[in-house]
Amino acid sequence: MANRVTRTYVATIRNHRQVCEDLDSLGFAASKLWNVARWTADRIWHETGHVPGHAELSAYLKNHERYADLNAQSSQRVIQELAEAFQSWYAKRQNGDETANPPGYRKRGDEHPRSTVTFKEDGFKHDPKHNRVRLSKGRNLKEHWSDFILCEYEPDPDATVENVQQVRAVWNDARDEWELHLVCRVELEDVDSPGERTAGIDLGISNFAAVSYGDETDLYPGGALKEDEYYFAKERAKCDDSRSNEARRLDRKWSNRRTHFLHTLSKTIIEECARRGVGTVAVGDLSGIRERENGESKDWGSKGNQSLHRWAFDRFITMLEYKGEERGITVETVDERNTSKTCACCGRKDASQRVERGLYVCEECDTVANADVNGAENIRCKLEDAKVPPSPTDDSSVDRSTGWMAQPAVHLFDRESGRFTPREQVADCKP
Ligand SMILES: [Zn+2]
């Protein structure tokens with residue numbers, strides 16, 4: 001039996017330089033329409049005392065000049081979003097929530113931000129053969145009747161993009177460019193789960209991913225990403241103009257390599273899980289990023305770097321989810337709080353726990369573990385605890401052997417083959 005699910009693929013735009021100006025004008029138009037709708041909703045509310053719904057607001061705005069800047073369905077979506085935001089604020093207010101704010105105007109000084117533009121069935125045309133998607137403009141922004149935006153996107157090597165239901169052009173602030181979200185309807189064959197076992201994944205920078213299976217661990221260092229970051233930042237600094245062809249070419253190359261790394265890693269981890277009979281994978285929900293920002297063990301770099309890393313992790317988790325789905329593996333995000341401070345072996349929590357040279361040393365039970373592996377095992381345990389709540393007297397974990405936590409298998413990204421290969425000499429836990 002086949003299952004119907006909706007899946008969103010995030011894709012980089014290959015010909016960004018050719019289309020970004022056109023996408024900008026749609027993104028600005030969406031912000032202007034939002035502001036008009038925002039103002040109108042306010043007026044209706046003040047004069048009638050009720051908050052207008054989507055249909056009512058549309059009736060007011062259908063003939064507004066700004067409405068025809070976008071394809072009608074795209075304009076509809078902006079108004080719907082505003083109406084929903086307004087109503088959710090109003091509902092909170094009715095419930096006595098004084099801190100709730102109504103949706104704001106989309107302005108940055110005299111400038112407009114680039115709002116997300118949604119294209120529904122008659123607003124786009126997908127060409128799966130050439131990985132292209134054609135996006136409609138509104139009447140006002142067309143130079144001639146057949147004027148449209150033709151975007152070439154970067155395909156996922158492990159997935160087929162078909163049955164596209166909706167396309168969203170989303171401005172990515174961290175990367176300073178547009179990307180496409182392709183919402184697809186996917187027919188999933190029922191796949192048997194590989195088994196009952198669980199795995200936990202801790203994401204980081206030094207080790208991009210540490211995976212714990214409860215008796216074995218794999219480490220995937222982020223060295224290849226770091227080298228790229230260093231190399232491309234240096235090359236880019238040589239460009240006088242950040243908008244120049246050369247700068248764009250470097251950005252594209254960098255981004256392709258990062259995407260390739262993420263695809264390969266997510267695929268590798270899912271295959272390893274399937275091989276070990278893992279049916280559920282837990283991954284930290286990234287709240288830990290903030291925890292670590294405040295002077296913890298991991299160096300998250302500048303603010304710009306943080307959002308770039310965050311972007312990479314978000315994208316990685318999405319890839320894990322749909323690649324897992326194909327193999328019958330569920331990916332769950334769990335609260336990451338305290339997972340780096342708690343001893344995975346005895347459960348001792350210590351805020352001042354010192355991590356030295358990538359090792360977690362427990363003063364209570366003398367466990368020595370790779371710090372990221374300890375985090376990954378704690379994440380995995382959260383999944384197990386949710387299945388069977390631990391009883392307070394349960395001490396089965398106390399005499400468990402923990403040697404495996406100090407000896408993770410390290411897999412390095414090999415650029416030549418485009419694969420992860422085991423590192424032969426594992427002399428030190430820290431890569
Ligand atoms: Zn301990």
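Modeller: Helices (H or I, at least four residues) and strands (E, at least two) are DSSP runs, numbered from the N terminus. By that rule the protein has nine helices and 17 strands. This is a predicted model, in which local features need pLDDT of at least 70, side-chain atom pairs count only at pLDDT 80 or more, and totals for chains, interfaces and linings use all residues. Residues are numbered from 1 along each chain as its sequence is written, and side-chain values use heavy atoms, with hydrogens and water left out.

Colleague: What makes C343, C346, C362 and C365 the residues that coordinate the zinc ion?

Modeller: Donors are N, O and S atoms within 2.8 Å of the metal (3.2 Å for Na, K and Ca); water is not among the atoms, so sites may look incomplete. The SG atoms of these four cysteines lie at 2.3 to 2.4 Å from the zinc ion. Along the chain the donors are spaced C-x2-C-x15-C-x2-C.

Colleague: Why is the arrangement around the zinc ion called tetrahedral?

Modeller: Four donors count as tetrahedral if all angles lie between 85 and 135 degrees; four count as square planar and six as octahedral if opposite donors are over 155 degrees apart and all others between 65 and 115; anything else is irregular. The four donor atoms here subtend angles of 108 to 111°, so the arrangement is tetrahedral.
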